[in-house]
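Hi,

Here is the structure I promised to pass on. Please open it next to this email and follow along.

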Amino acid sequence: MISRDTFSIIRAWQDANFTGETYSSIYTFANTAAIINGVNVNLVATSILNIKIDSISAATNDTVYLLGNKSDVYFGSPNLGSISL
């Protein structure tokens, strides 16, 4: 299946910023084990898993990436697009 989502952020899993960013897909280019939202998952090389990600740890560094957007884009910050004079 081809993902047609557009993301503005890609981060290695160990560099995830769950405070300022929201992730909704995981990409891996190597077979690896991961714990996603508290569940053990075996990720397959070159796959994308579409799921809202609240927490993640993986068996390997630099092979698992999170795709997402700034939190303000999803939550509609009241300051988004406003002009202060």
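The chain exposes about 5600 Å², and carbon and sulfur atoms supply 55% of that area. Accessible areas come from the Shrake-Rupley method with a 1.4 Å probe; for residues, only the protein chains shown count as cover.

Some ground rules. This is a predicted model, in which local features need pLDDT of at least 70 and side-chain atom pairs count only at pLDDT 80 or more, while totals for chains, interfaces and linings use all residues. Residues are numbered from 1 along each chain as its sequence is written, and side-chain values use heavy atoms, with hydrogens and water left out.

**Overall layout**

The chain has one helix and seven strands. Along the sequence they follow the pattern β-β-β-β-β-β-β-α. Both kinds of element are DSSP runs, numbered from the N terminus: helices are H or I with at least four residues, strands are E with at least two. Of the 85 residues, 28% count as buried (under 20% relative accessible area; exposed is over 50%, partly exposed is in between; 1.4 Å probe, protein chains only).

**The sheet**

Three strands form an open sheet in the order β4-β3-β6, with antiparallel pairing. The edges are β4 (39–43) and β6, each with a single partner strand, so one side of each has no neighbour in the sheet. Two strands pair if DSSP finds at least two bridges between them. β3 and β6 pair over three bridges. Ile-35 has Ser-57 in β6 as its bridge partner.

**The core**

The largest nonpolar core has twelve residues, including Trp-13, Tyr-23, Ile-36 and Leu-43. Such a core is a set of buried Ala, Val, Leu, Ile, Met, Phe, Trp, Tyr and Cys residues joined through side-chain atoms within 4.5 Å. Four elements are listed as giving two or more residues to this core: β2 (21–28), β3 (32–36), β6 (56–58) and β7 (64–70). Not counting residues up to four places away in sequence, Leu-43 touches several others, among them Ile-26, Ala-34 and Val-64. Contact means heavy atoms within 4.5 Å.

**Ser-71**

Where does Ser-71 sit? Ser-71 is in helix α1 (residues 71–75). Ser-71 counts as buried, at 9% relative accessibility. Its side chain makes a polar contact with the side chain of Thr-22 (3.4 Å). A polar contact is a pair of N or O atoms within 3.5 Å; within protein, one must be able to donate a hydrogen and the other to accept it, and residues adjacent in sequence count only if both atoms are side-chain atoms. A polar atom of the Ser-71 side chain also lies 3.2 Å from the backbone nitrogen of Glu-21.

Best wishes
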